Amino acid sequence: MGRTAQNTDRAGTLTEGPGPVVVGILNVTPDSFSDGGDFLDPEAAAEHAVAMLDEGAEILDLGGESTRPGSDPVSQEEEIERVVPVLERILSVRPEAVISVDTYRAGTATAVLQAGARLINDVTALLGDPRMVSVVKEAACPVILMHMQGEPKTMQEEPHYTDVVREVRDFLAKRAEYAIAAGVGPENVIVDPGIGFGKNLEHNLALLRNLDAVVDLGFPVLIGASRKTFIGRITGVQEARDRVFGTVAATVLAYQQGATYFRVHDVRANREALAVAEAVLHAFRR
Ligand code: HH2
C-alpha cells in the first residue's frame, strides 16, 4: 500500500520505506465535527471523493458514524445505508480508488468489503465487535488499529493516564499481537495513537512529540490530527474547517518522526507540505 520511496531514519541514514500516504476523509454523516452534513447526498460525496483523489489522496476513508466527542452511535443498517451507495458511486467513476471504511462493526465491514472497500479503519482496535478480527483476517486486508480511552460519548470528560505514551504504545502492541495471533497478516497491521480520542491537549502533544515510541513497534503509523480541537486550542482558530495551517504543522512533524499515513480533510495542503518535507528529509545530510 502506498508509494515506495527512500525514507530517512532518525540518525539521518537513507533507508527504503513507504513514502507518506495521504488518506482523504469523507464523512457521510449529519454530525461530524468539521464536515457533518456536507456529503450526505451520494452524488455530492462522490464528487468530493474524486476531487480528493485528484488532489493526491492515495486512500479515501469513508465514515458513516461520527466519533466526535459526545456523539451517539448509529445502527449498523443506517451505517451501511450511508456508506455503501457512496462507495459504489466512487468506484463506478474511479474503479482503481483505494477505499477504507471507518467502522468497528463486523457486519458493516463485511458489506463494504463486498462492495469493494480495501481497508478497514477500526477506532476500537478490534475491541468493538468480537467478530471483526475474523472479517479482516478472511479478507486479508489492511486494518487500522486505533487507541481510544473510553468511548466517544464521554471520552473527553476526564481523560487520565499515568504515562500516556507508554500506555498508548503498550495498548497498540497488545492489539497488534491479538490481531496477528488471530491470523491477521503482520503486513496488514497499521497502528494509530488516536489523537483526540480520550486525550487532552497535553496528552496529544506528548504523543506527537514522542511518536518514535509508537513507530518503534515496527508497524506503519497513521496520524489523524486534521482540524482537531487541540489545534484550535493552540492556534485560537474556533472554526474547525479553518484549522488547515495547524493541521499541516502536525502532519509534517509526524512525518519527520516516522508516521506514514495522514488522515486529513484538506488533501492538497497536506500533500504539498509532505512533498516538501519528503524532499528536505531525503536531501544529502553532511
Ligand atoms: N479521527 C476521527 C475519526 N476516525 N480514525 C483513525 N484511525 N484515526 C483518527 O484520528 C480518527 C479516525 C475523527 O475525525 P472526523 O472523521 O473528522 O470526525 P467525526 O468522527 O466527527 O466524523
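The shell around the ligand holds 6 nonpolar, 7 polar and 5 charged residues. In this count, Ala, Val, Leu, Ile, Met, Phe, Trp, Tyr, Cys and Pro are nonpolar, Asp, Glu, Lys and Arg are charged, and the others, Gly among them, are polar. The model is predicted: local features need pLDDT of at least 70, side-chain atom pairs count only at pLDDT 80 or more, and totals for chains, interfaces and linings use all residues. Residues are numbered from 1 along each chain as its sequence is written, and side-chain values use heavy atoms, with hydrogens and water left out.

**Ligand site**

- Ser32, Ser66, Asp102, Asp192 and Lys228 come nearest among the 18 residues around the ligand; a residue is near a molecule if one of its heavy atoms lies within 4 Å of it.
- Asp192 places a polar side-chain atom 2.6 Å from a ligand nitrogen atom.
- Lys228 has a polar side-chain atom 2.7 Å from an oxygen atom of the ligand.
- Gly224 contributes through its backbone: an N or O atom there lies 3.2 Å from a ligand oxygen atom.
- Of the 480 Å² of accessible area that the ligand has on its own, the protein covers 98% (Shrake-Rupley method, 1.4 Å probe).
- The ligand takes up the space of the second largest pocket. A pocket is an open set of points on a 1 Å grid over the protein atoms alone, with protein on both sides within 12 Å along at least five of seven lines. A molecule sits in a pocket if more than half of its atoms lie within 2 Å of its grid points.

**Asn27**

- Asn27 belongs to strand β3, residues 21-27 (strands are DSSP E runs of at least two residues, helices H or I runs of at least four, numbered from the N terminus).
- Asn27 is buried, at 9% relative accessible area (buried is under 20%, exposed over 50%, partly exposed in between, with a 1.4 Å probe and protein chains only).
- Its side chain makes a polar contact of 3.0 Å with the side chain of Asp35. Such a contact is a pair of N or O atoms within 3.5 Å; within protein, one must be able to donate a hydrogen and the other to accept it, and residues adjacent in sequence count only if both atoms are side-chain atoms.

**Exposed positions**

- Val276 sits in helix α10, residues 267-282, and is exposed at 53% relative accessibility.
- Val276 and Val252 are 24 residues apart in sequence, with 9.1 Å between their C-alpha atoms.
- Gly218 lies in the loop between α7 (212-215) and β9 (222-223) and is exposed at 61%.
- Gly218 and Pro30 are 188 residues apart along the chain, and their C-alpha atoms are separated by 37 Å.

Definitions and conventions
On a 1 Å grid over the protein atoms alone, a cavity is a set of points where a 1.4 Å probe fits but cannot get out, and a pocket is an open set with protein on both sides within 12 Å along at least five of seven lines; lining residues have an atom within 4 Å of a point.
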